[in-house]
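Hello,

Here is the structure I promised to pass on. Have a look at it first, and then read my notes below.

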Amino acid sequence: MALNNRVKNDNFYYRETAEMTSSGSWYVDLVKKKTYWDHECRRILEYPEDYIPSLRYASQYIPEEFYDISYNLFYNCTMRGKSFSTEIKMLTANNRSFWVRAIGKPVYNDYNDMVGIRGVFQDIDDIKIKELDLKNTAEIISSQNKRLFNFAHIVSHNLRSHTSNLSLIMQLMDETNDEDEKKDLIASIKDVSESLNETIQHLNEVVTIQTRTDHNKIEVSFQDSLDRVLKSIISLIVKNDVTIHADFQKVKVINYIPAYLDSIFLNLITNAIKYGQKNRAVIIAIRTYTKDNRIFLEISDNGMGIDLKKHGHKLFEMYKTFHQNKDAVGIGLFITKNQIESLNGEIFVESGIQQGTTFTIKL
């Protein structure tokens, strides 16, 4: 009787511990080719008590993007006796994905033959999401610090260069009595003034981006935003024989700052046109989709492409250009990246020389 009470108490404390730590236990019997889950395992994965698990249904328990990882871990465990401890995502019966810490190790009999795999997994979704958010925040802070460094560099270098040129021109004007030379110097003042004004406008744009907040967001139609941009550059599109294919069926609207979405379209489309390949009509493909509860915008072209090994690290820096194009200023991608990141988004690029470019924006 005392033994039964002890077993009941042990089971009670085991289930309490498993529930409090959100930990489920499982066992794969390699001899009988059966899989066993405990009560907590079924509860976490949202399966009924009478559900019978099986390795044949493994794809139902793991999201597609983690299937290869989990397969390799399990394969190495069964074939090489290699234990594992990792963090991956799992899927519940209701198709809800969540993060778990998964641990598994081989089980041997008295003859040192592997007879099974025993393991546990713990629901760490809340912790992992906070960890990823913290990592994302750190990356945003790092990016902001880099933008501040760029800003300081422009202020100290570019503005000082303009003011030095103006001072030198004024000094030369004081030293000459030749009227023709003075006219040339006055023309130079105009050029420096225009360049200075352009630099100040760029700096003002960067400052404006940093002061915009979420309360500026409204529901914006991707198609409406694209139409506004195309209308504003219609002559450029006609002149360069541009074809644009847009597919917004998967995601038609988004809560965003309208001017920022317009700017993203404008900068990436005009870049695609500007860096199109000679003797080839420009084709631009645009689409939206969702992944992991985030909205993505993808813009691809068939242009000259970018050597990312050579230029990838400075692609989004201010005043950086990568092709011999007289119209290139090197501000568009910098502004676009700033706008996207100011709203907690990210921008990625895939490209190759003469292979076109694809920009993917996590909005």
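**Two loop residues with positive phi**

D241 sits in the loop between α8 (234–239) and β7 (242–247). Although D241 is not a glycine, its phi is positive, at about 50°. With a relative accessible area of 82%, N293 is exposed (exposed means over 50% relative accessible area, buried under 20% and partly exposed in between, with a 1.4 Å probe and protein chains only).

Before going further, a word on what you are looking at. This is a predicted model, in which local features need pLDDT of at least 70 and side-chain atom pairs count only at pLDDT 80 or more, while totals for chains, interfaces and linings use all residues. Residues are numbered from 1 along each chain as its sequence is written, and side-chain values use heavy atoms, with hydrogens and water left out.

**The chain as a whole**

The protein chain has 11 helices and 12 strands; these are DSSP runs numbered from the N terminus, with helices being H or I of at least four residues and strands E of at least two. Of the 363 residues in the protein chain, 40% are buried. Among contacts between residues at least 6 apart in sequence, 60% join residues at least 24 apart, where a contact means heavy atoms within 4.5 Å.

**The open sheet**

In what order do the 5 strands of the open sheet run? The order is β2-β1-β5-β4-β3, with antiparallel pairing (two strands pair if DSSP finds at least two bridges between them). β2 (34–37) and β3 (84–91) stand at the edges with a single partner strand each, so one side of each has no neighbour in the sheet. From one strand to the next, the twist averages 25°.

Strands β1 (residues 23–29) and β5 (residues 114–123) are joined in the antiparallel sense by 7 bridges, and G24 has F121 of β5 as its bridge partner. Helix α4 (residues 64–80) lies across β1, β3, β4 (97–108) and β5, at about 140° to β3; axes are lines fitted to C-alpha atoms, for helices over the stretch in contact, and angles run from 0 to 180 degrees between N-to-C directions.

**Another strand pair and a helix pair**

Strand β6 (residues 218–221) pairs with β8 in the antiparallel sense over 4 bridges, and I218 stands opposite Y256 in β8. Strand β8 (residues 253–256) has I254 and Y256 on its covered face, and V253 and N255 on the uncovered one.

The axes of helix α7 (residues 222–232) and helix α9 (residues 258–274) come within 9 Å and cross at roughly 50°. The two helices are therefore oblique to each other (under 35 degrees counts as roughly parallel, over 145 as roughly antiparallel, 65 to 115 as roughly perpendicular and the rest as oblique). On the α7 side the contact includes F222, L226 and V229, and on the α9 side L261, F265 and I269.

**One more residue**

S59 is in helix α3 (residues 58–61). Its relative accessibility is 45%, so S59 counts as partly exposed.

Best wishes
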